[in-house]
Amino acid sequence: MLQAKNLNLRFGRTVALDRVDIEIEAGEIVAVMGPSGSGKSTLLHLLAGILRPDQGEIYFDGRQVHSLPDATRSRLRLTSFGFVLQFGDLVPELTLRENVELPLRLLNVRRSEARRQAASLLRQLDALEFADRRPGQVSGGQAQRVAVARALVHRPAVVFADEPTGALDSVNGELVLDALTGLARQQGSTVVVVTHEARVAAYADRTVLMRDGRLVG
Amino acid sequence: MSRWIRLGIRLSLGSGRAGALRTVLMSSGAALGVLIVLSCLSAVSVATAQQQRAQARTPQYAEEGVPASAPLRIIEIDDAIGDRPLRRTAVAGVVPGGPRPPGVAALPQPGEAVVSPALADLIRTDTRARERFPQRVVGTIGDIGLIAPDELWAYVGVRANDPHLRQQHAVLGFGAPLRAGFGSQLASPDVFTPARITAVAFALFALVPLGVFLATCARLSASTRDRKIAALRLLGVSARQAALVNAVETGVVAIGGALLGVAAYAALAPLSPGWRIGRLHWFAADLTVPAAWLAAVLLTTVGYAVTVGVLATRSARVAPLAVRRGAPARRPGWWRTLPLLGGLVAAALAGIDPLRLDTTDRGYLLVTGLLVSGLGVPLALPALSYALAGLIRRVGRAPVWLELAAARIRHTPAVAPRLVASLAVSLYVVGVGSVGVAAMANDTALMQSSGDQRLVYQTSGYDRGLTAELRRVPGIEALGVAVLEVTIAGEPAYALVAECAEVNRMFVVTPAKSCVDGGAYRLAHDLIGQPNAPAADAPAVGADGLDVPVLSRTLRVEERHGAGTAAFGSLLLTRGSPLLGGRNPEVDLMTVVAQNPVAAERAARLVAARTPANLLSGHYAARQGFDSDLLLTILTAGLTVSFILCVGAFAVAAVDRTMERRRDSASLSVVGVSPRLVTASEVGFGGLPLAIGLVTAGLSAVVITASLARLLGVDAGVVLNRFASTLWLGAGALVVGLALIAVPAGVTQRITAEQLRRQ
């Protein structure tokens, strides 16, 4: 499903990734762990096609990702990937419901259908009652649950989660992880989750470790 | 308190690259603002001084005739050398101890001239000037008698019996009020004095755009600053302390910029007397800005910037948590539209005048309306944009980019209007100002080409020698006709006296060759747009026993070169006609036809040299009067200043906006929103308020100009016809504005590792 070969990336003189090889199967939940600055978020950004490697190859479903132009990679992210970031990163100007509808609207799903699907997912996540508020008007845990809904509403093949519980307490963190992994398994989506917390890695099928830009286990 | 001041200074001086950019932009804005304000204030003092000198040399005429005690007579002729206007004042009846204008030790006797220093230089170096003034130059005019150092001005002595001065009233002294012109019509000088107009132009063209520009600069990095202030509040800093920090942060930069502006003015002012703005030139002594004004400008600029900066971060001080979490801003109140409405109502009242106010009060009311409306346009924009965004969301069929744009406008209703306010104000200012410029330019219309590309002029009186000389100039035709006043059936009419050769040159005569010297004819003409002369179907009676019976032969004449009153004749008595009874009337009216501008210039030189009191009237490139030139220059310069300020403010705001939005745009791009859609939503975000702003500004300018036209008694239709160019300008502003938003937004879509790290 997702394969990276010999990935190298530098930021100036800093080596962010050094000869990284990784392969992720369809439906698998993989946790990428490591200390701060080990390169785990950078690996996620490369696998998701957000950044380009200086060297190396990335394949999604057998298709080259690393050589695609910006616009095509954007389209790939929209159609096939979902994202949950540390602070949710919902669009602050839209209501929570509109945030969840957004990927569907961008994929030209009819407004009424987008609204129905978004409401269904928000209901599953117990987020429907505050869905008409904006991100700035709800708690961090509530916003993060809505971010999970936004990441999964268009049934992506892969969900990338970067420290999804980093800003949450343990109760809210568990709620978010339950939602993310539960829905992903239900939909058959692959999940790549970057974390430095062992309790997050416990939700994964497999854990890989990174240190100083290299995979060490 | 000192620690908060220190913190403010620290924040203003060192906040990374974005902070440094903001510091540079804001201090540059303050410097430019102070420089422009000081320049405008000195323009007011220049205009006032020039107006006073112009009035001091304006002749005061006697009510009637020439009393024995006051034999001085004057006629003022507008001429030009190249594109430089020249005023030639012919004087007769100069007596010792008689009145004289300021700056002139003694008025010239016949054959003498007193000229301005600039004209004296030109006489020495330029043939065109030398040939115009063959008189002996006996003195120069002092600065006190001139408006500007480069003015071409001459007093030329002529004989007391000069026919051109015969009709002139006696001059009792100098120092009469000036009459000001608007378009081709005269306006009350109480309403339309140059000093007052300069002050209004200053306020309109400099203060309003400058206010917007400084406000834009003071609000740079708005969301970053809001977050910074909110962070301080969450740390435990009180609202007042946070306001103080913010005020110091803004004030330090504003003071630095303002002082830089004063230094720039102090450096430039001494150099400026050698400069000119259009036709406006000045003496160094006119260029004074009192110290109190200087202090007021500094205080006002810094105070304004600090006030805007502090008021703008109010939400961060009052609700810091909401700012940190990106909560939506409060809905803008409808009260924001009241100043605009109030200003327009005031302007409309000044134009329609249902209150029966006097002209001066109406003028003040209009100016108040104009300024309040100018300030009201940007103030009303958030409320109007918010309403439009709400409408788009309710419609429900809008594309995603437009929905995103509308959602952003409603989330932060003041941001986009702040971005586009400068362009909206620019359109308002240019809309009102360009109508003024157009009206002024109409007053000083230059060359008009006649149908056959010939240039037609007239001179009054006839000088046989002059006529002979003119006829020797290649490309010049000089045609003379005498005009006798007669009465036909009790109605006043004219009989033209000329040789048939002259008549055939002046008119197209039908039937051809039907005019025979010695004959007398009724004239029939069909001049488009002119009232026909009375038909000579009754005997004509003139002075000195002239008695012309009803004539049987009729000539139909069409205009060729014979312009003016000569064309109104009802009768033609050719030279040698027995009906003249031996009379040989002198030619009253000479028409000069030039084949090209060079020949016209040559004719002007000859006329000026031979008959200094004679006026070559017609299409000659002579601008009329002092006021319209000055006002035209001020209006044009003001429009330029305004344009620079407004476009500068917009460009600064657009760049700042792009920098501020990069983080949010990166968030959208991560989840796969295409760069095109992100750019489109940014364009929609700025474009909707921009369109509303331009429409509001355009409509406001229409109301103001229509009221101005009514106040000045000028046909509103004529004024509003000129507004078409402003509509094009508005469309252009929309396109340029959208491009200035789209291009930076488009080119900064690439996601960088730094943006991801910040997320």
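**View 1. Four strands of chain A form an open sheet with the order β2-β1-β4-β5 and antiparallel pairing.** Helices (H or I, at least four residues) and strands (E, at least two) are DSSP runs, numbered from the N terminus, and two strands pair if DSSP finds at least two bridges between them. This is a predicted model, in which local features need pLDDT of at least 70, side-chain atom pairs count only at pLDDT 80 or more, and totals for chains, interfaces and linings use all residues. Residues are numbered from 1 along each chain as its sequence is written, while chains are lettered from A and ligands numbered from 1 in the order in which they are written. The edge strands, each pairing on one side only, are β2 (14-24) and β5 (63-64) of chain A.

**View 2. Strand β1 (residues 2-11) of chain A pairs with β2(A).** The pairing is antiparallel and runs over seven bridges. A:L7 stands opposite A:V20, a residue of β2(A). Strands of a sheet pair through backbone hydrogen bonds, either parallel or antiparallel.

**View 3. Helix α1 (residues 40-47) of chain A lies across β1, β2 and β4 (55-60) of chain A.** The helix runs at about 120° to β1(A); axes are lines fitted to C-alpha atoms, for helices over the stretch in contact, and angles run from 0 to 180 degrees between N-to-C directions.

**View 4. Chain A touches chain B through 24 of its residues, which are in contact with 22 residues of chain B.** Two residues are in contact if their C-beta atoms, placed from the backbone, lie within 7 Å. On the chain A side, α2 (70-80), β6 (81-84) and α3 (96-106) each give two or more residues. The largest share, six residues, comes from α2(A).

**View 5. Helix α8 (residues 291-312) of chain B has 22 residues.** From first C-alpha to last, α8(B) reaches 31 Å, close to the 32 Å expected at 1.5 Å a residue; the expected span is 1.5 Å times one less than the number of residues. Buried residues of α8(B) include B:V297, B:T301, B:A305 and B:G309. A residue is buried if 20 or more other C-beta atoms lie within 10 Å of its own, exposed if 12 or fewer, and partly exposed in between, with C-beta atoms placed from the backbone.

**View 6. Strand β9 (residues 185-187) has the lowest mean pLDDT among the elements of chain B, 41.** pLDDT is the predictor's confidence in each residue, from 0 to 100. The highest mean, 96, belongs to strand β4 (residues 112-115) of chain B. Over residues 181-192 of chain B the pLDDT is below 50.
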